[in-house]
Amino acid sequence: MKKLILITSLIMYVFCQNTMVFADEIIETEEKVTSITEATVSEKIEYTTEIQEIITQPIQTYIPQEYSNNAFDITTEYVGVQEIVVSEFKSELFVKETQNVSATVLPANATKSTLSYSSSNNNVATVDALGKVTAVGKGSCTISVEAGGFVHYLNLDVKIKTNEIYVDKDFITLKPNDTYSLNAKVLPEEAIQQLKYKSTDDDIISVDESGVITAKKVGSAAVIISNKDKTISVNVIVNSTSAILGNNEVDDIKSNDDGSNLKSDDELAEKIKNSTEKNIVVDGEKYKVISSKSLKMLYGNDKKLIVESKGYTITLNGRDIKNVKNSLITELIFEENENGKSIFINKDVKLPGKIKVEFIDSKNDFKYMYLYNNNKNKYEEIKSLISKNTIEVDYNGQYLLTIKKLQGIRFNFVMIFSAIMVILIMCGIYIFVKKKYWFW
């Protein structure tokens, strides 16, 4: 209403101004009006003053009472954090390893759901704003995950990774009832030093908690040495005559405290690495075991390692290596028997890959080859004989080379054929006697 009054007053004010101008012009033109009464002037002044006061008054907005005060206040309900769920967190890390903390805040509609992370010891492990944990040094610490005043704690152990398990001998020959005490240690010294020993065949050798090996019967087995971080194996051959290396001596693969065997491994690995020739020939009497270090240098290329031993050669192509962790024992065990020649190749230790064995000056022209199946307790023929004096194998175990097929296999075939013939004859007699009408 006041706005309408204001607008009307403004219009009247403008109209009066124009009227007064028009009157002045009439007075000046016609000179008929000589004066203006004091009353008229007073009214004009009072009216003008009233309009100016109306103009200068502030404009107020009218708000109904029912919508005033706190009618527009909005209240929000606070939802607290009840749980922080963390998935796939490793409680053990090696130095320099990392992992990401995957955390979820419950309930999903919590008011304060922003996650923050902290470590109780930054010298052991650090964690950034995104939850990435980095192992720094050996020790234990707690990783805290916080949101809305709720904290979830994660225990973490940081360890030093094992670089090597050093053992004084990685190839041993014993006679039945002989014993040998392994000298093994973990490098570096800050790594886990507690070692466990296990025999791959308790019937041939046994080993106690301190690493003492006891030979039981002739054969080949291995001792597995582990500290939960790294695993190595020591190959053991039990021979009644010790003819393989002579009086239980393994001078050529000796690994004394001065690290002579490790030095030999380094020399062979360096030789393979720097060789420009495709065929690398080494003496089998010097290298009775080809270790992982040398196999890594040979792996994946066209170089061939040829090991020359007395009476045979072993050839290993770098392209044929499947697992560099499986050492190659270059010392083969031969036994002559009535069926032919038995050969023990890495008996209880898997081969690193396919190898070729060539016999030198063999008196027998072998035609058949068999591999002994321990589960079935019998020999099974395999097609690994590529010539009369050369074989290719990719499985460890006991092989048999013969000039003619084993009698047992022929006998079984004859028995099966005879059984089938007997069944057919009996069926014929039954049909002829009982079912004559079939032929009518």
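Which residue in E28 stands opposite Tyr372? Keep that in mind as you open the model, which is predicted.

**Stop 1: a four-stranded sheet**

Select strands E2, E9, E8 and E5. In that order they form an open sheet, and the pairing is mixed. Now colour residues 92-94, strand E2, and residues 116-119, strand E5. These are the edge strands, and each pairs on one side only. Look along the sheet. Neighbouring strands here are turned by 30° against each other on average, ignoring direction.

Next, pick the inner pair. Strand E8 covers residues 139-147, and strand E9 covers residues 150-159. The two run antiparallel, joined by nine bridges. Asp157 belongs to E9, and Ser140 stands opposite it.

**Stop 2**

Move to Lys96. This residue sits in the loop between E2 and strand E3 (98-100). Is Lys96 buried or exposed? Lys96 is exposed, because its relative accessible area is 73% and the cut-off for exposed is over 50%.

**Stop 3: two cis bonds**

Select Leu106 and Pro107. The peptide bond between them is cis, with omega about 0°. Pro107 lies in the loop that runs between strand E4 (102-106) and E5.

Then jump to Leu187 and Pro188. A cis peptide bond joins this pair too, and omega is about 0°. Where is Pro188? Find Pro188 in the loop between strand E13 (184-187) and strand E14 (196-199).

**Stop 4: another lysine**

Select Lys228. Its loop connects to your next colours: strand E17 (219-226) on one side and strand E18 (231-238) on the other. Lys228 has a positive phi of about 70°, although it is not a glycine. Lys228 is exposed, with a relative accessible area of 76%.

**Stop 5: the nonpolar cores**

Now go inside. Nonpolar side chains tend to be buried together in soluble globular proteins. How many residues does the largest nonpolar core have? This core has 30 residues. Show Leu305, Ile314, Ile345, Ile355, Val357, Ile391 and Val393, which have the most contacts inside it. Then colour strand E22 (residues 312-321). The largest share of this core, four residues, comes from E22.

Zoom in on Leu305. Leaving out residues up to four places away in sequence, Leu305 touches Leu268, Ile280, Val282, Ile290, Leu298, Ile314, Thr315 and Leu316.

Another core lies apart from the largest one and has 23 residues. Among them are Ile165, Leu182, Tyr197 and Ile213.

**Stop 6: a five-stranded sheet**

Finish with strands E24, E25, E31, E27 and E28. In that order they make an open sheet with antiparallel pairing. Strand E24 (333-337) and strand E28 (378-381) stand at the edges. Each has a single partner strand, so one side of each has no neighbour in the sheet. On average, neighbouring strands of this sheet are turned by 30° against each other, direction ignored.

Last, show strand E27 (residues 368-373) beside E28. The two pair in the antiparallel sense over four bridges. Here is the residue from the opening: Tyr379 in E28 stands opposite Tyr372.

Definitions and conventions: Residues are numbered from 1 along each chain as its sequence is written. This is a predicted model: local features need pLDDT of at least 70, side-chain atom pairs count only at pLDDT 80 or more; totals for chains, interfaces and linings use all residues. Side-chain values use heavy atoms; hydrogens and water are left out. Two strands pair if DSSP finds at least two bridges between them. Axes are lines fitted to C-alpha atoms, for helices over the stretch in contact, and angles run from 0 to 180 degrees between N-to-C directions. A nonpolar core is a set of buried Ala, Val, Leu, Ile, Met, Phe, Trp, Tyr and Cys residues joined through side-chain atoms within 4.5 Å. Buried means under 20% relative accessible area, exposed over 50%, partly exposed in between (1.4 Å probe, protein chains only). Contact means heavy atoms within 4.5 Å.
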